[in-house]
Every structure is written in C-alpha cells, then in structure tokens.
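Please have the sequence and the structure open while reading.

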Amino acid sequence: MTPLLCDSHCHLDWFDSPEDVVKRAEDAGVEVILSNATSLASLEKNIALSKKSRSVRCALGIHPVDLLSMDNAGIEGAFRVVEENISSASAVGEVGMDFKRASSQVQRALQERVFRRFISLAKAHDKPVVVHARWAEPQCLSILEEMGASKVHMHWFTNSAKNAGRAVKLGYHISCGPIIISDRPSASVVKGIPLENLLLETDAPVEFLGERAEPSWIPRVCSAVAELKGVSKREVSSFTGRNFSSLFG
Ligand SMILES: [Zn+2]
C-alpha cells in the first residue's frame with residue numbers, strides 16, 4: 001500500500017536515541033523515514049538502523065561537506081561500503097556540491113568528481129540520487145542533466161523559483177521542509193512546485209526556530225503545504241506518498 005506520510009530526508013544517526021525518534025514519528029503517523037548517510041561512520045549506522053526498523057530506510061553516500069575532511073583512503077572505503085550495500089538501500093545520498101563550504105578550486109573539483117562518481121553508481125544500480133546543492137544549484141542540475149540522471153531528489157531545493165522550475169522541467173522531485181512554515185520566500189517557491197514533483201522532509205535534526213527537527217514534524221510540514229496550495233492535507237499526503245513510492249520503490 002502507498003504510504004501517506006513520509007520523511008523523505010533526515011539523519012537519524014545524528015540523534016543520541018534514534019529508536020525513540022522513530023517511535024515518536026510512528027506515533028505521529030509517519031510511515032516511512034529515509035535516513036541519509038553523510039560520512040563513513042554514518043554509513044554503517046544508517047545501514048544498521050534500516051535493518052532494525054520496518055519504517056526506516058537508508059540512502060548511502062558521502063555529504064559534500066563531510067567529504068572535505070576525508071582523505072583518499074576514507075573516500076575509497078566509503079565507496080566500498082556503498083557498493084557492498086547498495087542493493088538493500090533506497091537511494092544514493094546525501095551527495096552533491098556545496099560551494100559555500102568548498103571555497104577553493106581544488107575542493108570544488110573534488111566535490112564535482114565524487115558527485116559524478118556517485119551519479120554513475122546510482123545509474124548503474126538503477127537507484128535514485130539524493131542531492132544536496134548549496135551555492136552550486138545550477139551546476140548540480142547541469143551535471144545531472146548532462147549525465148542523464150532521471151531518478152533525482154533535490155533535497156531542500158526551495159531557495160529559488162528559477163532553479164526549482166528547471167528541476168521540475170527535468171522531471172526531478174523536490175522536497176520541502178519545516179522552513180516553509182516560517183520563511184516566506186521558500187513558501188512562495190513551494191507554491192510554484194507541482195504536487196506531482198513534491199516530497200516532504202525534515203532534514204532532522206537540523207534546527208528550525210531554535211528547535212531540533214524530528215521526523216514526527218512531517219504532519220506539520222504537510223499542513224503547511226496544504227495551506228499554501230489551498231488543497232486538503234489528504235491531497236498533499238497522497239501526492240507526496242505516491243511520489244515517494246514511485247521514486248524510492
Ligand atoms: Zn541532509
């Protein structure tokens with residue numbers, strides 16, 4: 001059956017007690033949580049969490065910011081773990097480029113090289129790719145387009161209507177998180193994204209308005225989208241649930 005409420009992007013391994021976080025989300029009606037790996041240690045933790053709980057799935061990758069503090073052996077080790085476990089994962093992620101944190105040409109070239117390698121890996125295994133793009137939004141879209149990636153989740157991609165529109169044209173999915181509750185420019189970008197392309201996320205435990213987000217916030221994000229678009233919560237949850245299933249299986 002198609003799930004209704006899904007947290008398409010968070011980081012359960014960053015919590016001290018992920019089991020309690022999952023329980024609170026389940027109690028709030030959240031049926032699926034996609035926890036994204038960011039580093040070598042995080043890969044192992046997310047794989048273990050996805051095996052422990054029926055509602056938890058994992059995406060496997062290296063975050064472009066974590067990448068900057070890894071040496072070559074660490075990067076190769078992470079790729080090995082991803083390749084060994086990719087068949088039981090829902091996606092390759094969180095990967096991408098972050099030019100806010102990568103300031104030198106060498107760092108940016110490293111992020112691009114690793115991002116391209118992850119896209120190839122995702123394509124080879126027919127998995128979606130979960131993309132983090134900050135200060136490099138058009139560059140990430142161009143690489144994905146050039147490499148012919150079709151199963152793409154642009155996470156927290158609500159900073160620019162122009163970039164979001166381009167992602168929609170490419171057939172990509174875009175997730176929006178708790179920021180739309182308080183940030184009007186992000187809310188207006190979400191207003192322009194068709195329900196057919198939308199996913200809900202929390203990016204937990206990232207803080208919003210001084211509070212650590214949790215996957216149990218998904219019903220609040222769903223209500224905010226419903227209000228913005230002038231449709232029922234049920235309509236938002238069924239669209240985003242269907243989108244989740246069609247993208248992540
Ligand atoms: Zn994230």
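Helix α2 (residues 40-52) lies across β2 (32-36) and β3 (56-60) and runs at about 155 degrees to β3. Helices (H or I, at least four residues) and strands (E, at least two) are DSSP runs, numbered from the N terminus. Axes are lines fitted to C-alpha atoms, for helices over the stretch in contact, and angles run from 0 to 180 degrees between N-to-C directions. This is a predicted model, in which local features need pLDDT of at least 70 and side-chain atom pairs count only at pLDDT 80 or more, while totals for chains, interfaces and linings use all residues. Residues are numbered from 1 along each chain as its sequence is written.

The strands form an open sheet of eight, in the order β1-β2-β3-β4-β5-β6-β7-β8, with parallel pairing; two strands pair if DSSP finds at least two bridges between them. At the edges are β1 (6-10) and β8 (198-200), each of which pairs on one side only. From one strand to the next, the twist averages 30 degrees. Within the sheet, β6 (residues 152-154) and β7 (residues 173-176) run parallel and are joined by two bridges. Met154 stands opposite Ile174 in β7.

Next come two helices. The axes of α9 (residues 184-191) and α10 (residues 218-229) come within 9 Å and cross at roughly 70 degrees. Therefore α9 is roughly perpendicular to α10 (angles under 35 degrees count as roughly parallel, over 145 as roughly antiparallel, 65 to 115 as roughly perpendicular and the rest as oblique). Ala187, Val190 and Lys191 in α9 meet Val225, Leu228 and Lys229 in α10, contact being C-beta atoms, placed from the backbone, within 7 Å.

Definitions and conventions:
Contact = placed C-beta atoms within 7 Å.
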